[in-house]
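Visitor: Good morning. I am new to this structure and would like to be taken through it step by step.

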Amino acid sequence: MSKPQMTYFKDEDVLHLVIANDIEAGSIELSPNVTAELNEKGELIGIEILEASSFLRDSILEAAQAKMLQLSQPDKSSPTI
C-alpha cells in the first residue's frame, strides 16, 4: 500500500482521501455526504467527503464540546465530602 493522499477540491468543497491505489469497484454511504470507496475485495481504498468544510468544522466542534463537557463533569471515582 502506498502512502495515503488527501486532495481538497475547493470549488466543489469535496475532500478525497486515497488510502490505496486500486480500482474502485463499489462504495458505501457511511453517513450523509461521507462515502467509503471499496475495491473488488471489499477493502477500503478511499473516502470522499462532500461539503467538507462544514463536515470538518462540525466534527471538530462536536469533539471539542464533548471534551469540555467531560472536563466539567465531577470525577465520579473521587469520594465526595
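Visitor: Leaving aside its neighbours within four places in sequence, which residues is Asn-39 in contact with?

Guide: Please keep in mind that this is a predicted model. Beyond those sequence neighbours, Asn-39 is in contact with Asp-22, Ile-23, Ala-25 and Ile-45. With Asp-22 there is also a polar contact, side chain to side chain, at 3.0 Å.

Visitor: Where is Asn-39 found?

Guide: Asn-39 lies in the loop that connects strand E4 (34-38) with strand E5 (44-50).

Visitor: Is Asn-39 buried or exposed?

Guide: Asn-39 counts as buried, because its relative accessibility is 6% and the cut-off for buried is under 20%.

Visitor: And strand E4, how many of its residues are buried?

Guide: Strand E4 is mostly covered, with 4 of its 5 residues buried.

Visitor: Let us turn to Thr-35. Which strand is Thr-35 in?

Guide: Thr-35 belongs to strand E4.

Visitor: What stands opposite Thr-35 in the strands on either side?

Guide: Glu-29 stands opposite Thr-35, and Thr-35 in turn stands opposite Glu-48 in E5. Both of these residues are also among the contacts of Thr-35 beyond four places in sequence, which include Ser-27 and Gly-46 as well.

Visitor: How far apart are Thr-35 and Ile-49?

Guide: In sequence, Thr-35 and Ile-49 are 14 residues apart, while their C-alpha atoms are 6.6 Å apart in space.

Visitor: How many bridges join E4 to E5?

Guide: There are 5 bridges joining E4 to E5, and the two strands run antiparallel. Their hairpin has 5 residues between the strands, and Gly-42 there takes a positive phi near 85°.

Visitor: What about strand E3 and E4?

Guide: Strand E3 (residues 26-31) is joined to E4 by 5 bridges, again antiparallel. The hairpin of E3 and E4 has 2 residues between the strands, and Asn-33 has a positive phi near 75°.

Visitor: In what order do the strands form the sheet?

Guide: The 5 strands form an open sheet in the order E1-E2-E5-E4-E3, with antiparallel pairing. Strand E1 (5-9) and E3 are at the edges with a single partner strand each, so one side of each has no neighbour in the sheet. On average, and ignoring direction, neighbouring strands of this sheet are turned by 20° against each other.

Visitor: Which strand does E1 pair with?

Guide: E1 pairs with strand E2 (residues 14-18) in the antiparallel sense over 5 bridges. Within that pairing, Val-14 in E2 is the bridge partner of Phe-9.

Notes. Residues are numbered from 1 along each chain as its sequence is written. This is a predicted model: local features need pLDDT of at least 70, side-chain atom pairs count only at pLDDT 80 or more; totals for chains, interfaces and linings use all residues. Side-chain values use heavy atoms; hydrogens and water are left out. Buried means under 20% relative accessible area, exposed over 50%, partly exposed in between (1.4 Å probe, protein chains only). A polar contact is a pair of N or O atoms within 3.5 Å; within protein, one must be able to donate a hydrogen and the other to accept it, and residues adjacent in sequence count only if both atoms are side-chain atoms. Contact means heavy atoms within 4.5 Å. Two strands pair if DSSP finds at least two bridges between them. Axes are lines fitted to C-alpha atoms, for helices over the stretch in contact, and angles run from 0 to 180 degrees between N-to-C directions.
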